[in-house]
Amino acid sequence: MKTIKLFFALLTVIGFTSCEDVIQVKLDKGDPMITIDAFVNDMRSQQKVRLTYSDDYFSQKPNEPVKGATVKIKDLTSGLEYTFTDNNDGNYVYNLATNDTMARVGHNYELTVTHQGLVFTSTTRMNRTAMVDSIISEYKEGGGLSGMDPGYDMSFLGFDIPGDTIDYYWIKSYRNGVFFNKGGDINICADGAFGNGADGFPFIPPIAEGITPFGERFQKNDVCRVEIHSINLETYNFLIQVQTQTTNSGLFATSPENIKTNIKNTTSGKVKVVGWFCMSAVGFKERLVE
Amino acid sequence: MKKLVLLLFICGIFKANAQDKFTISGYAKDAKNGEALIGVTVYKKNSQTGTSTNEYGFYSLTLPKGQDTVVFSFVGYKTLYKAVNLISNQTLSLEMAEEGKELEEVVISSEREDKNIKSMEMSVAKLDIKQIQKMPALLGEVDIIKSIQLLPGVTTVGEGASGFNVRGGNIDQNLVLMDEAPVYNSSHLFGFFSIFNPDAVKDVKLIKGGIPAQYGGRASSVLDIRMKEGNSKKMEVNGGIGTIFSRLSIEAPILKDKASFIVAGRRSYIDILAKPVLAKQQPDLKDAKFYFYDLTAKFNWRINDKNTVFASGYFGRDVFGAGFKFNWGNSTSTLRWNHIFNSKLFMNMSAFYSNYKYELGFKDEGSSQKFEWTSNIINYSVKPDFTYYLNSKNTIRFGAQGILYTFKPGTAIITSQDGNKSNISMDYQYGAEYAAYIDNEQKLSNRFTIQYGLRWSFFNYLGKGTKYTYRDTIPNESRPLDSEEKMGPGETIKMYNNPEPRLAVNYTINDKSSIKLGYNRMSQYLHIVSNTAASTPLDIYTPVTNNIKPLISDQVTLGYFRNFKDNMFETSAEVYYKNLQNQLDYVDNANLLLNNYLEADLVQGKGRAYGLELYIKKAKGKLNGWVSYTLSKTERQVRGISNEEWFLSKYDRTHNVNTVLIYDLNKRWSFSANFVYQTGTPATFPTAKVELQGYVIPYNTDNKRNNYRNTPYHRADIGITYNFKKNDTRRWKSTIVLSVYNLYNRRNAFSIYFRNNPDYPINTEAVRYSVIGSIIPAITYNFKF
């Protein structure tokens, strides 16, 4: 879809004089809500669950951290429980060791967050993931109407795992360890494409090429990292929503809507919670651009 | 209601007594080019007895035996007085000549001057193509849809949005007819230009209320566009070179006064101009395609006094591509047969085919990998329509219509590198819509005229297909599937029927003023599925199914019409109230494309719209034009959305002012100006931000939809037309039109959205998106010979 968007943007520039201006808008202030950001994976590194309070939209500082909570993830399949350590900055961390038993494909997990007598829970299942076969680079001249810098367009080769169920993936890419974190760069797919029916297929071009966001070409000696995170249908839909709500501009913007949440407040219905819990298996590869 | 209609009907018919009366009938045509004239007033001199010509230029008038004078009157044309001696039924077809004065060419209403007072029509706007051509236009392209947006009660969500919204209705609630065939997407380049070639259009009529029984199938309005038949006297060529399009049309007689044709084409040419630049600057895009074109053709043959046949067709496409392809367009063809059974019974039999198609595809260069997706809506229809001119007091119109629909929401095929194909297509859907109607326009007295009718419509959602049953769930969530049942070809999955009463009343107070009342119920059996601000060419239509109910609208309109200064000024004040049932809405995060379980993501709710429309028009003189003001409100209530309270629809505009002025200085120069003011579109703004995975996401903690408004929209445009014509005898005539759109360079908000500052992602900001952010001048050269 990105190519189309680029093309339309270009077309609009050629034919018309559409423009965007930052303007002042007065907004109401909503009551703060607890936000639980719990995307945990099986990579042998520090796993993190982040708790914050929502803030006024125009507050020009990061959201306030929620401190002093307890965060646990329980493996419902094996019965083992893992406790995350409060870092005192909103982050609750767990160092996943090489021989760790946490984060197993096919296991079901339950997240429990306790804060000031309130208990928030969510359950999910960790699905299998696909592997990155190789990363491909292609040099492109710069200039032109879109005024892009010259550089390398990176793409990757990989295959969806064949099988009856639809596999959902979130493909995350990094340049020199920095995650491409714009909402519009969210690169997700169902099997090898966007709908069903691409079972066992290689990832189609918009997905394979999506690891290089528009206007973010790689240069010599950059390191390109690609990770394929397994997700489930609900997370896939959630990420579509995040993408839509953070890039909702232009002629074909949809009516803004609130992102869904899969975390429940089990103690009181009055305190609103927003957030997402997801356990992912990850296939990854890195390549030096040369 | 129904009984009353029937009773009136029977009374109307049996009161008739035609023993000592005879009927005079025939066609009225333009002396210059043989085009049928629509809406010529035909009346008995010094009386209230009269009629007007129909869409095909036919009239029938029953008068008492004896000598009389019949007057044919049409604004901009010389009035004809014909002495008749009625001793039997007779035919009188005639040609009317334009008035010599060039300035009279510009007429706002090409009707008898006080027709707005006397006719049954209310909430109706007619635009003369000659006038549309003088109005300032975006990039100088004369545009019918854009002109319609300057009428009271008509709005748009902004530049670049296709279609138009009538009295708070969605764009799919307008029945857009091109020579009787429905058009599903009336736009080129999203919504910047409309698909109707002005060189081929003869008559444009928009009906917003009191919709007569012969029209049906859409909830809000009818836009009836009639194409020219083609000059039957001599060959005529029209053309133009504009900023966007080049146009050419040729019309000529095949058999003088008997048969003629018109062929008109347009093509945009920005791609041709851009090609050398692209090849040099952006080799990636050197094969980029971006153009749009349309072709309109019509042929008519007057076989004899009683039979005329018409064949017309339209084909248009927008083509975009660059490593991918994306194109869409309509094709329609209509066959019509006018038959006069006798001087009192006129028939038009129409058969049409219409196909709206779009294609989207990606292809990986150097491998066989590709993705291809096409979607169609195909219609076949037959519509016999009869007008029975019973007597001077009753005109009965009756007929029927049958439409067969095939919806192909998405045929999608993925081809892998090794050539394996995977089909992720959606099931086709089939439907049949039938309707029968009858109405009578009855003159109860010299002052009191009433038109009453009934349309009965049926819709049959047919197999072959799958009948899905869904369980109920929490509001605003996708409904879970309960069961699927395969249905065989032609099997009924779900059937609907709706009686649709129609009523119009005219009480003429005097020659200068009248009061009109209208009521109509309309039912609509297909819905556009779109949750974007501007409708996109990718939007699909869905028929009503066992899960989706038909949209029903009831509208009451009351109006006061008054003319001043010998019909120099026409004014009207109308109020309307419209109630809608089963308006389509969407659950959060609805998946509308390539989704076989689409119905699970749809919800239906209530709607209401009401307003006041004030209108003043100067129809004659060097300075003419109109000013209109609309005060209105449009709301919706849907289960699970916006805390289940009434919320403003995105088409709500509290205030809407439109001004169109045209000043004809002399034979050479004419000037025009528009001014538009609209209250900003309702919008949903966030009240908080949440942080997840490094993304800063706007959030509305009150969960209220359309809790804010965008800034008001206003704009002025001007146009200057210079006529090169030295004298009337020269065959080659040309004009040059200079226009400036968005004269005072306002950046109107199409939308306001919220984002992180691209350079300082920690900072959140509001951004106004303006589709047009500068003054847009344009020049167009038109010629004719």
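Domain bounds here come from an automatic or database domain assignment. On that basis, chain B splits into domain 1 (2-104) and domain 2 (124-784). This is a predicted model: local features need pLDDT of at least 70, side-chain atom pairs count only at pLDDT 80 or more, and totals for chains, interfaces and linings use all residues. Residues are numbered from 1 along each chain as its sequence is written, while chains are lettered from A and ligands numbered from 1 in the order in which they are written.

**Inside chain B**

The C-alpha centres of domain 1 and domain 2 of chain B lie 33 Å apart. Their contact takes 30 residues from domain 1 of chain B and 33 residues from domain 2 of chain B. Two residues are in contact if their C-beta atoms, placed from the backbone, lie within 7 Å. On the domain 1 side, helix 1 (2-14), strand 1 (21-30) and strand 4 (58-64) of chain B each give two or more residues. Helix 1 of chain B gives the most, with six residues. Helices (H or I, at least four residues) and strands (E, at least two) are DSSP runs, numbered from the N terminus.

**Chain A**

Chain A has three helices and 17 strands. Its radius of gyration is 21 Å, close to the 19 Å that the globule rule gives for 290 residues, so chain A is as compact as a globular protein of that length. The radius is taken over C-alpha atoms, and the rule is 2.2 Å times the number of residues to the power 0.38. Along the principal axes, the C-alpha atoms of chain A fill a box of roughly 60 × 50 × 35 Å. Among contacts in chain A between residues at least 6 apart in sequence, 66% join residues at least 24 apart.

**Where the chains meet**

In all, 70 residues of chain B are in contact with 71 residues of chain A. Strand 50 of chain B supplies the largest share of the chain B side, seven residues. Strand 1 (residues 19-23) of chain A pairs with strand 50 of chain B in the antiparallel sense, over five bridges. Strands pair if DSSP finds at least two bridges between them. V22(A) has V767(B) as its bridge partner in strand 50 of chain B.

The table sets out two contact sides by residue class. Ala, Val, Leu, Ile, Met, Phe, Trp, Tyr, Cys and Pro count as nonpolar, Asp, Glu, Lys and Arg as charged, and the others, Gly among them, as polar.

| Chain B, touching chain A | 34 nonpolar residues | 26 polar residues | ten charged residues |
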